[in-house]
Amino acid sequence: MSDLVLTEVSGHTGIITLNRPSALNSLSLEMVRAMTAALHAWRDDASINAVFVHSTSEKAYCAGGDIRFFHQKGIASATGGAALIEDFFTEEYSLNYLIHHYPKPYVALMDGVVMGGGMGIAQAGPKARLRIVTERTKMAMPEVGIGLFPDVGGGHFLSRATGKLGTYLGVTGAIIGAADAIYADLADVFVPSSELPALHALIAEAKGDLREAVRSFSSAFAVQADPAKSSLAVSRDTIEHHFGADSVPAIMASLASDAGEFASKALETMKKKSPLMMCVTLSQLQRAATMDIADCLRMERTMVRRCFEHGEVIEGVRALAIDKDHSPRWNPAMLEEVSAAMVEHFFASAWPDYAHPLRD
């Protein structure tokens, strides 16, 4: 087992602990494989009633995939060195699928930063999951800011978020807190960080349905993260009005017509993101709304390959994490230059259906 993913059984609960604090628990291929192995081992073990996933760091649950690795291997892919990128995304999406259909309660403590790939290992499995947030939670699907799109099943869970909140979060990459996450149906319960030791003790002792035990424990703290008072709730009508438009140009034009603070901030945020990937993301969410998780992940597997072929993600990661100049040279640079054909190309499969790596 990897030192980056610690596993143990406490009572009747299998515990997965992400242990890469220096990288905010960004997922590596080694970590994906370690989580997959643990979940497979516990799936048919009658002595284990539930799975609990958390991290060793109060700063982050999981900040996403290892984007420096993506940049390094993406550069190498130009000379035929793309095999590890292929492996990473195929195996990561397979892990997301495994979690989604996991037959036992799956409880995730999303304490600290939870973005991208971290959302993928928390949001999957609506029938079995329970998602816990704290006052330290900083949640986002920020991929349009690095030339990517909300993957790891993001099409599935964002398109099913409350109203148009998933569209807003996907095309802006906005960061939200605990009450917002609960309001958007991207989290279930709130537990203050001061009560986490007691939560861990409860998990170690739980004998029945772990989800019900955690819900009961968290009920005393619900008032501290009231979704009805969240910033998303306050701005809900504005979000529905602007992000209900059917194209990114229409969304931005609608925002530009609104002098309010929320609309102005959202518009300025979108101006900094990849014009192409915002359009691709909106199309992804529109398509995913009628897809099951398997078809969403197959679509996203195709899309991520196209992203690396195009190079937008390589440039985005360079600007954000390598050179850190925060001045990506997007291609195309202007929203007006994004054509329907460019967007459609991201959904054109590179495999015949029978050969797709994520085929059931």
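Predicted model: local features only at pLDDT ≥ 70, side-chain atom pairs only at ≥ 80, totals over all residues.
Figure 1. R211 belongs to helix α9, which covers residues 210-218. Beyond neighbours within four places in sequence, the residues in contact with R211 are P105, V107, K127, A128, R129 and L130. R211 has a relative accessibility of 18% and therefore counts as buried, the limit for this class being under 20%.

**Figure 2. I146 in the loop between β8 and α5.** The loop that holds I146 runs between strand β8 (138-140) and helix α5 (154-159). The relative accessible area of I146 is 10%, so the residue is classed as buried. I251 is 105 residues away from I146 along the chain, and the C-alpha atoms of the two residues lie 20 Å apart.

Figure 3. The peptide bond between N331 and P332 is cis, with omega at about 0°. P332 is placed in the loop that links α16 (312-322) to α17 (340-345). H326 is also found in the loop between α16 and α17. Although H326 is not a glycine, its phi is positive, near 55°. With a relative accessible area of 55%, H326 is exposed, as this class begins over 50%.

**Figure 4. D185 in the loop between α7 and β9.** D185 is situated between helix α7 (178-183) and strand β9 (189-190), in the loop that separates them. Phi of D185 is near 65°, which is a positive value in a non-glycine residue. The relative accessible area of D185 is 38%, so this residue is partly exposed.

**Figure 5. Overview of the protein chain that contains the close-up sites.** The secondary structure consists of 17 helices and 9 strands. The C-alpha trace extends over about 60 × 50 × 40 Å along its principal axes. Buried residues make up 56% of the 360 in the chain. Among contacts with a separation of 6 or more, 75% link residues 24 or more positions apart. Carbon and sulfur atoms contribute 53% of an accessible surface of about 14600 Å².

Notes. Residues numbered from 1 in each chain as written. Heavy atoms only, no water. Helix = DSSP H or I, 4+ residues; strand = E, 2+ residues; numbered from the N terminus. Buried < 20%, exposed > 50% of the residue type's maximum accessible area, 1.4 Å probe, protein only. Contact = heavy atoms within 4.5 Å. Areas by Shrake-Rupley, 256 points an atom, 1.4 Å probe, with all protein chains shown as cover.
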